[in-house]
Each structure stands twice: as structure tokens, then as C-alpha cells.
Amino acid sequence: MRDFAKVIDGTEEERVKVFLNQKSAVKVTIQKQPDANTIVVVDDIKKRIEELKSSGAIPEGTTIVNTFDESKFIRDSISNVVFSGLTGAVLAGAAVFVFLASLRQTLIIVLAIPLATLMAIILMGLFNLSLNVFSLGGLALGVGIVVDNSIVMLENIVEGTSKKGKRRLTDKQLIQQAEKSSQELESALFASTITNLVAVLPFLLIGGLVSLLFNELILTISFAVAGSLIIGLTVVPMMASRLLAVRVSSGLSNFWPLRAFDRAFNSAAAGYGKFLSGIVRWRLIVIVLAIVLLGGGSWQMAGQIPQEILPRINTGQARLFALFPAGTNLETNQRVMAEADKIFLSQPETQYTLTTVGGLLFGNNTIENLLRGGCNITLKPGSNTLAFVERLNEELKKVDLPKGTRLRLIPENVRGLVLTNSPVRGAEVDIMLQGENEQLLQQAGRDILGTFEEKVKLVRFRPDADPPQPEVQIRPNWEQAEIYGLSARQIGETIQTAIQGAIPTQLQRGNRLVDVRVQFDRDSVQSISELKFIPLTARNNSQIRLGDVANIQVGKAPGEIQRLNQRQVFLIAGNLNRGASLGDALNQVNAVLADIKLPPGVRIIPSAAAETNRELQSSLKILGALATFLVFVVMAVQYNSLVDPLVIMLTVPLALAGGILGLYATKTAIGATVIVGAILLVGIVVNNAIIMVELANQIREEEGVDRTTAILRAAPQRLRPILMTTITTVLGLFPLALGIGEGSEFLQPLGVVVFSGLSLATLLTLFIIPCFYILLHDFFGLFAAKKQPQVVAMPVAKRGGKTTN
């Protein structure tokens, strides 16, 4: 072969280049099997790399840098959720101890947390749920909730024993009292637990994005709450009957801070009872004021709360997308990316950059494209990704770029989390134009992009497709080709061999197969005019030139053809600027689009992001209504009445008003996690009203007093368990609501809405529910009295031995 060819033992021509911190590198991507555990796979890979290093398979001096580790985000998120759950458990236990001033009683309550958690984990195993951010988030949310039943039960048992006077009860009497107290609360605890469970039932039935994302979180909370009911009705009475009989005391109840707190609380409870007696006299005015103030304030604040699909999660990484104009060569692409790299590496937050030149690398796919480039920037732990992206986008605008070059830096998203059905991946806002005429469609798309850059300030836009690219078009003359016995395949393979080369075979070298590439000398074909001299082997092995059977000209071709439902479209992708909300951005974009006049035949297709956002916001109303209805039905069946459930359901709007106030105060957007929190809130918040109304009804039945007297006695008596259950729940949620640590942003909105909603609702429940209880029963009592047939007794007179009626 050396007589007519040059044989070179070399390497394949590098068309897509990779740089790590501006140094040449090789990128290796490892993907796990769908059913494999990410953390286990990553740990095994790291272990295997160390083994390869020790065995010498990896040469000395080779630096291996982990540029992306999916297990890191999972580990950080899980550790943050676990930390939030443990912190919440400690805070809840401390609150119980302060209220009860007893180590034994605190132990009984706190044991409910691990027992309910273990029951939930057993049920998770039976339902094949995995331990992940969502399921652990459910366990963390359940920390404060699962002690509610135990607190109410233990408080009732202790109160029952205190009624016996200072005389110490025998073991048998304690057991009997525990049995009696548990039977008294069976109905109330069962009702409050069932309301928690049925409130989340719509999530599991209607499907959709919210159900898909939060299914495991909701199931885990449900398992924990169901376990807390069993523990509250069985373990707590059993342990109370045993531990309260122990005659040895720690003496902590005599510790002066606890005694001072107990005296202050009893004084406050007495003051609350007196204040409540005055409030109920003006019950109608109190209820009207609450409706006007809370309703009007919530309506006003709700309109100012931003909207989103899911919270932005700080992954600690940013990604640069580079789009170059048609005709850009590899050298220009590499120069621009090197300039961007230099800027990134000069920032104090940057840990390292992984840059791709001349195409894209995604997973195991390599896409050769001289008009594309990319860079993954990994930041140091604790860096603010959004602030970094915003600042660097301004820096990139100052770079001297070739005309038509676009550089766009965005925060890296959680991989695999696709929020919309949009054909534009990686975009938070999408605009889709559709038309029959390609030129009109492209022109309309470019005009809209220019208008957006001028008028839209909340979103950065880019075209999703590459622009039309120049190309050499070789059009064979098929009559001439037929004369020479040439087919399209033969002509195409010869041209490919001349320009790119062909691989007719492979050479085995040890345990490797090496490609044998046959190609023309690069010096022989350096310009378009030289293409016509490419030799072709015609019939009878005669030699002709490409120019003899084909016309060669320069034209343009689409860089990418995009179709939606088989119709050509022009896609525009947008990402939110820092501090912008999806709802405000969509409103601004729609306002600009309303003023744009489109060419004939071009129309705008509804945005997938806007559609997803609308569905999400409407699902809040649907799920909220379903949850409220199911909770009401359960209580109506439980109480065999409509009046008491109506009284209890008043806590729902109070809680939603508190949730809106919390979102408004913390500037938290309404999204999928807020919807989950709001629905959970519906099931949780009714518990306080249930135990108050239940006790009022018991007092009325046992002692025959009127409803006003019953509720005025029940409310102060239930003040301690109501405050204890609320404080333990909100303290359990407090670490989650703070959103400390990487990955905590996902569940933070849920913690905020439940924390603020439950806090305000409890405060208002103590005053408004007694007023509403009396008012509603008076109203329905009066209504029933008018409809009921009356029996009138007339005086009896006796005249002459005869009785006259």
C-alpha cells in the first residue's frame, strides 16, 4: 500500500474537544441501570477506580476529577431531611417536657415518635417505597404530628387521676383510669386521625404531576399518622398505667422555672376563660370581623404572592449554553469558549469547569456541531448559584463575541425532573410559533426574539434551534450517472471517503480493535472548487471526475427542523432572571405578545409552561375542595350531625389565611409543594377544634348544662393539650420551614405553609370556635324549634264531679 498511499499509525481526528479548567481532558460518563441504587453504584465506582489506580491500570500522573455526582445531591438532601426530623423531634420533646414538667410523662410522649416512625417504615417496605427525599420528608413532617394523639390521651389520663384528689391511686385504679380515659377519647382521636388521612386521599386518586412527585411523601405521612393512632390508643394508656404508678420521683416538677411556667400557664388559662366569657357575648361581631379581616387580607395578599411550578433547588452547579452563527469553525468556537472559561475560573465561587467545544456531550451521546458549545461550572459548597448566574451573565455581555453568538448561563436543574410537556427542554418559559411558510415563520420568530430582548425584563430568551447553515449541495445528473453506471450510493461513499474518510475494516491489536480509515490527502481537497476533481470509478473501471456527473453549488439548509404534530414550528426558550416568579414572567410575556402583529398563517401555540402552571393553580382549588368535603363527610358520619362538623370546619379557612400570610411574609411562591402543604393543613388543623367540641358535648350530656356553659368549661380545660399539640407540630416543622442546607429548598414551602397556617389557626381557634359553636347551635336550634310540632297543655277544672279540659 505504500506504493500509492501514506500509512499513518495515529489517532482519530478530534472533532469534539473537552477541557477541564482549560486543560485537555477526556470525559467518561457512567449511567446506572434503571432499577439500581444511585448511592450504591457511585460508591462501587469510586472503590473500583481506587483499585484500578493501585493495580497500575490507570497511569501515574493521570488526574481523575469527579465533575458530576448525582449521589451528592441525594446524600445532602437526605441528610438535611434527617437533620430536620431529628431537630424537630428534640424541639417537640423539649416543649412536652416544659408543659408536663415530668420525665416519665415526657418519655411516654416522645416514645411515640420512634414507634410511629418504625411503623411507617414497616408499611413503606410492604408498599415497596424507597428511602428518598420525599419519603424521608414525610417522616420529618410527621415528627410533630404523630405526638398529637399521645399528648391528648396522656393529658386526659393525668387529668382523670388528678380528679381523685391528692390520694395516690393503686396500680389497679391506675389501670382502670387509663382504660376509662382511653375509651373517652376513642371517638375524638379516631375522628382527628381519619380527617388527616382522608384529606390527602385525593392526591392518590386524581394523578397528575403533584401526585407523581409527592405520592411517597403523602403515603409516608399517612402511615405515620395511622401508626400514631394505634400508639395513642394502646401504648400510651399501657405505659401511663405502669410509669405513673412508680413511686420514685425525679423532683423536676419542683424546679423553680418549671413551677413558674406552670403557675403562669394556669393563670393564663384562668384569664383565657374569663376573657372568653366576655368574647362569646359579642360572638356575631367577632365572627363577622374575623371573616372581613381575614378574608379581605387573604384576598389582597394572595394576589401579590408569586407563582411557580416547583421551587428552584440549589444544585451547586451552573451550565453555559453557547450558540454560534452559521459558518463558525472549530477554532472560533474554541476561542470563545476559552474566553468564557477564563471568566468563570477567575470567580471565587468556581471550583472547576468542564467545557465542551465543537458539539455537545449528553450521557453516552456525542453530538458533533460546530455551532454549539457548553460548559458545566461546579461551585464551591455554600455558594449562591442564582447570584453567581446573574452576575456572570452580565460579565458575559461584555465579551467581544462574533456577531450572532449567544452565551446563556443558567442554574443547573435536578436531573431527571421534567416539569412540563414542553418540547423545549431546560426552559422555564416556552413560546411556540407554528406556520406553513418557513420563511415567514423564521422571520416572525426572529422579530419576537428581538422584541422580547427589548421589552421583557424578567426572562432571558434564546432560539431553541440552530440557524440555517451554509452547505455544499452536490446534485447529480442522473442521466449522465446512468451512462457511467454510477449509483447514488457509489457517488456518496466516494465523496465521504474523500472528505471524511471511510472505515472498510478494523485491525486487531491485542484485545482491542483499531479502525482503519481510508481518506484522501487533505491537501487534495481544500476548497469547494476542488470537489469537482474527485475521481469516480465508472463502468469498466474507467476514471471520471465528480464534475462530469454532478453540479456543485453553495446553498443553505436548516440547522434543525422542528415539528409539532407534523407541522413546522419555531421554538423560543426562556429562563427566569434572578428574583422573577413564573406567574409574573408569564404575565409580562403575554402582555408583549398581545401587541405583536404576526404574519399571515403564523400563530402562537399555547405555552406548555403556562398550561402546567394553570393546571397546578387550579389543582389547588380542586384538591382543597375535595379534601374539605371528605373531612366534612367523615365528621358528619362520626358525629351523626351537620352542626358540629360545620363548627369544626371553620378552622380550615382560618388555617388557609395563616398559610397565605406566611407565604406573603416569606415571599414564598405558590407551587406544587405549597399545594401539598395546604391540603395536609386541612387535615391537621381540624384536630384542635375536634377535641374542644368533643369535650363540650361530653360535658353537656353528662351534666345537663347548656351549650354556652359547656364550651366555656371545655375550652380552658383543653387549652393545655391544644397548645401542646400545636407547639410540638410547629416545632417539628420549624427546621424544615427554615430550609437550611443544600436540597432543602424543595420541601421548605411545604413547611412554611403548614407552620404559619397551623400557628394562626390555633390562636384564632381558641376564641372563634367557641363563638361559632354557640352561634351555630343557637341558629339551628331556633330553626328546629319553629318546625317541630308543639304539644299545648290546658288547665283542668272540675265542676260537679266532672273534669273539663
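**Cavity, sheet and buried residues**

Reply: Start with the lining of the largest cavity: its residues divide into six nonpolar, seven polar and one charged. Keep in mind that this is a predicted model.

Me: What makes this space a cavity, and how much space lies in it?

Reply: A cavity is a set of points where a 1.4 Å probe fits but cannot get out. About 110 Å³ of space lies in the largest one. By this rule, six cavities of 30 Å³ or more are counted.

Me: Which residues lie nearest the centre of the largest cavity, and which elements line it?

Reply: The lining has 14 residues, and Asp148, Val152, Asn687, Asn688 and Thr725 lie nearest the centre. Helix 6 (147-162), helix 7 (171-199), helix 22 (672-703) and helix 24 (719-738) each give two or more residues. Helix 22 has the largest share, with five residues.

Me: What is in the lining of the second largest pocket?

Reply: This space counts as a pocket, which is an open set of points. About 1,600 Å³ of space lies in the second largest pocket. Its lining has 31 residues, with Ile8, Val516, Arg517, Val518 and Gln519 nearest the centre. Strand 5 (365-379), strand 10 (502-509) and strand 11 (512-518) are the elements that give two or more residues to this lining. Strand 11 gives the most, seven residues. By kind, the lining of the second largest pocket divides into twelve nonpolar, six polar and 13 charged residues.

Me: Now the whole chain. How many helices and strands does it have?

Reply: The chain has 25 helices and 19 strands.

Me: Why is the chain called more spread out than a compact globule?

Reply: Set its radius of gyration against the globule rule. For 805 residues the rule gives 28 Å, but the radius of gyration of the chain is 37 Å, well over that value, so the chain is more spread out than a compact globule. Along its principal axes, the C-alpha trace spans about 150 × 70 × 50 Å. Of the 805 residues, 45% count as buried.

Me: How far apart in sequence are the residues that contacts in the chain join?

Reply: Take contacts between residues at least 6 apart in sequence. Of these, 80% join residues at least 24 apart.

Me: What is the strand order in the open sheet?

Reply: Six strands form the open sheet, in the order 2-1-4-5-3-6, and the pairing is antiparallel.

Me: Why do strand 2 and strand 6 stand at the edges?

Reply: Strand 2 (23-24) and strand 6 (406-411) each have a single partner strand, so one side of each is left without a neighbour in the sheet.

Me: How do you know that strand 4 and strand 5 pair?

Reply: Two strands pair if there are at least two bridges between them. Strand 4 and strand 5 have eleven, in the antiparallel sense. Threonine 350, for one, stands opposite leucine 379 in strand 5.

Me: Why is glycine 359 called buried?

Reply: Buried means under 20% relative accessible area. Glycine 359 has 0%, so it is buried. This residue lies in strand 4 (residues 350-362). Leaving out residues up to four places away in sequence, glycine 359 touches Ile367, Glu368, Asn369, Arg372 and Gly373. Glycine 359 and arginine 15 are 344 residues apart in sequence, yet 8.2 Å apart in space, C-alpha to C-alpha.

Me: Why does asparagine 393 count as buried?

Reply: Its relative accessibility is 7%, and the cut-off is under 20%, so asparagine 393 counts as buried. Asparagine 393 is found in helix 13 (residues 385-397). Its contacts beyond four places in sequence are Arg408, Leu409 and Arg460.

Me: What makes strand 8 mostly covered?

Reply: Five of the five residues in strand 8 (residues 459-463) are buried. Val459, Phe461 and Pro463 point one way, Arg460 and Arg462 the other way, and all are buried. Strand 8 pairs with strand 16 (residues 567-576) in the antiparallel sense, over five bridges. Valine 459 has leucine 576 as its bridge partner in strand 16.

Me: Why does glutamine 568 count as buried?

Reply: At 16% relative accessibility, glutamine 568 falls under the 20% cut-off, so it counts as buried. Glutamine 568 lies in strand 16. Beyond its neighbours within four places in sequence, its contacts include Leu433, Gln434 and Gly435.

Key
Residues numbered from 1 in each chain as written. Predicted model: local features only at pLDDT ≥ 70, side-chain atom pairs only at ≥ 80, totals over all residues. Heavy atoms only, no water. Helix = DSSP H or I, 4+ residues; strand = E, 2+ residues; numbered from the N terminus. Buried < 20%, exposed > 50% of the residue type's maximum accessible area, 1.4 Å probe, protein only. Contact = heavy atoms within 4.5 Å. 1 Å grid on protein atoms, 1.4 Å probe; cavity = no way out; pocket = protein on both sides within 12 Å on 5 of 7 lines; lining within 4 Å. Points joined across faces, edges and corners; volume = space filled by probe spheres on them. Nonpolar A, V, L, I, M, F, W, Y, C, P; charged D, E, K, R; others polar. Rg over C-alpha atoms; globule rule 2.2 N^0.38 Å.
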